[in-house]
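Subject: Structure handover and findings

Hello,

Here is the structure for your work. My notes on it follow below.

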Amino acid sequence: MTSIAVPRRERGALYDLFADSATMILRNLLRFKHSPGEIIGTIMFPLSMILIFGYIFGSAIPIPGGGNYREFLMPGLFAMGAAASFAGIMQKMANDNQLGVMDRFRSMPASRSAVPVGTSGAELINYTLGLVVTALCGWATGWTAHTGFWSVAAGFGVILLFAFGMIWLGIFLGSLVRNVTTAERLAPLFMPLTMISNTFVPTGNMPAWLRAIADWNPVSALVESCRVLFGNPGLSSSTAWSMQHPVATILLWSIALIAVFAPLSVRRFQKMNL
């Protein structure tokens, strides 16, 4: 039986968006075939962080109320990976801009929203694989969740939602820069976001002004949410609303990131003239 191709004008805009976005997701995932170093880094980075912080620094950091430091640490590493997810996609977008790939995409008869949408979908799949590797490394070194299935699923759900928001931030920033060098210089900006937080140490001994910043840091809200939902030690004693309602806080942050940067990224791709 001979298949009959349906002209694009008869498919509808929504069909074109889904079909073209799926093509873009496949295109971005196939990049791993030519980037074995990226796959190795996805595996080695969480393992090295667990070894360095969990075994070398962890013995010198007391946990309020007691508990295993590696169980305290793992929600922080999950959040750190989610916060850093913008950096990788920003550099990939900048590389495509520099090579003229984005100009070529815009010249094709494809949905104008498909490139950023497909890119975000592929990067979320990539991050999810990294999250699984991190969780397995943590489990192998003593981390575990102490709550029920739905609570654990909710914990990983808020991690993925925040990562998706940061991915859209990375897509937008990557569309603004013209070369990889600039993107590489911007990437370390995520470090203060993760360090001025409850990722690696309790915030109780911080100066009052610094603790206030840490308490309202979205990374701190994500870490606190994970500790609550996974039943891990180190829950904050802060009276800040963000620490008293960490799940609501991180949901608001994530939705705001997506609501702001997804439309900006699509508009930027449609209008930019690199």
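Leaving aside neighbours within four places in sequence, which residues is Met 80 in contact with? They are Phe 45, Met 49, Phe 190, Thr 194 and Phe 200. Please keep in mind that this is a predicted model. Met 80 sits in helix H4 and counts as buried because its relative accessibility is 6%, where the cut-off for buried is under 20%. In sequence, Met 80 and Phe 200 are 120 residues apart, while their C-alpha atoms are 9.9 Å apart in space.

Overall fold

The chain has 274 residues, and 45% of them count as buried. Taking contacts between residues at least 6 apart in sequence, 81% join residues at least 24 apart.

Nonpolar core

The largest nonpolar core has 58 residues. Those with the most contacts inside it are Leu 77, Phe 78, Ile 159, Phe 162, Phe 200 and Leu 222. Two or more residues each come from helix H3 (36–57), helix H4 (69–99), H6, helix H7 (149–176), H11 and helix H13 (246–271). H4 gives the largest share of this core, 16 residues.

Setting aside neighbours within four places in sequence, Ile 159 is in contact with Phe 78, Ala 82, Tyr 127, Leu 131, Leu 222, Cys 226 and Phe 230. Two of these names, Phe 78 and Leu 222, are also on the list of residues with the most contacts inside the core.

Tyr 127, another contact of Ile 159, is placed in helix H6. Its relative accessibility is 12%, so Tyr 127 counts as buried. With neighbours within four places in sequence left out, Tyr 127 is in contact with Phe 78, Gly 81, Ala 82, Ser 85, Ile 159, Leu 160 and Ala 163. Tyr 127 and Ser 85 are 42 residues apart along the chain, and their C-alpha atoms are separated by 7.1 Å.

Helix H6

How far apart are the end C-alpha atoms of helix H6? Helix H6 covers residues 114–140, which is 27 residues, and at 1.5 Å a residue it should span 39 Å. The expected span is 1.5 Å times one less than the number of residues. Just after H6, Gly 142 takes a positive phi of about 115 degrees.

Second largest pocket

The second largest pocket holds about 260 Å³ of space. Its lining has 21 residues, and Pro 64, Val 201, Pro 202, Thr 203 and Gly 204 lie nearest its centre. Helix H10 (208–215) and helix H11 (218–230) are the elements that give two or more residues to this lining. H10 gives the largest share, three residues. By class, the lining of this pocket has ten nonpolar, eight polar and three charged residues.

Thr 203, one of the residues nearest the pocket centre, lies in the loop between helix H9 (190–195) and H10. Thr 203 counts as buried because its relative accessibility is 6%. Apart from neighbours within four places in sequence, Thr 203 is in contact with Ser 197, Asn 198, Arg 211, Ala 214 and Asp 215.

Two further residues

Is Ser 225 buried or exposed? Ser 225 is buried, as its relative accessible area is 0%. Ser 225 is found in helix H11. Leaving out neighbours within four places in sequence, Ser 225 is in contact with Pro 246, Val 247 and Ile 250.

Phe 149 in helix H7 counts as exposed, because its relative accessibility is 62% and the cut-off for exposed is over 50%. Phe 149 and Leu 229 are 80 residues apart in sequence, with their C-alpha atoms 10.0 Å apart in space.

Regards

Technical notes: Residues numbered from 1 in each chain as written. Predicted model: local features only at pLDDT ≥ 70, side-chain atom pairs only at ≥ 80, totals over all residues. Heavy atoms only, no water. 1 Å grid on protein atoms, 1.4 Å probe; cavity = no way out; pocket = protein on both sides within 12 Å on 5 of 7 lines; lining within 4 Å. Points joined across faces, edges and corners; volume = space filled by probe spheres on them. Helix = DSSP H or I, 4+ residues; strand = E, 2+ residues; numbered from the N terminus. Nonpolar A, V, L, I, M, F, W, Y, C, P; charged D, E, K, R; others polar. Core = buried A, V, L, I, M, F, W, Y, C linked by side-chain atoms within 4.5 Å. Buried < 20%, exposed > 50% of the residue type's maximum accessible area, 1.4 Å probe, protein only. Contact = heavy atoms within 4.5 Å.
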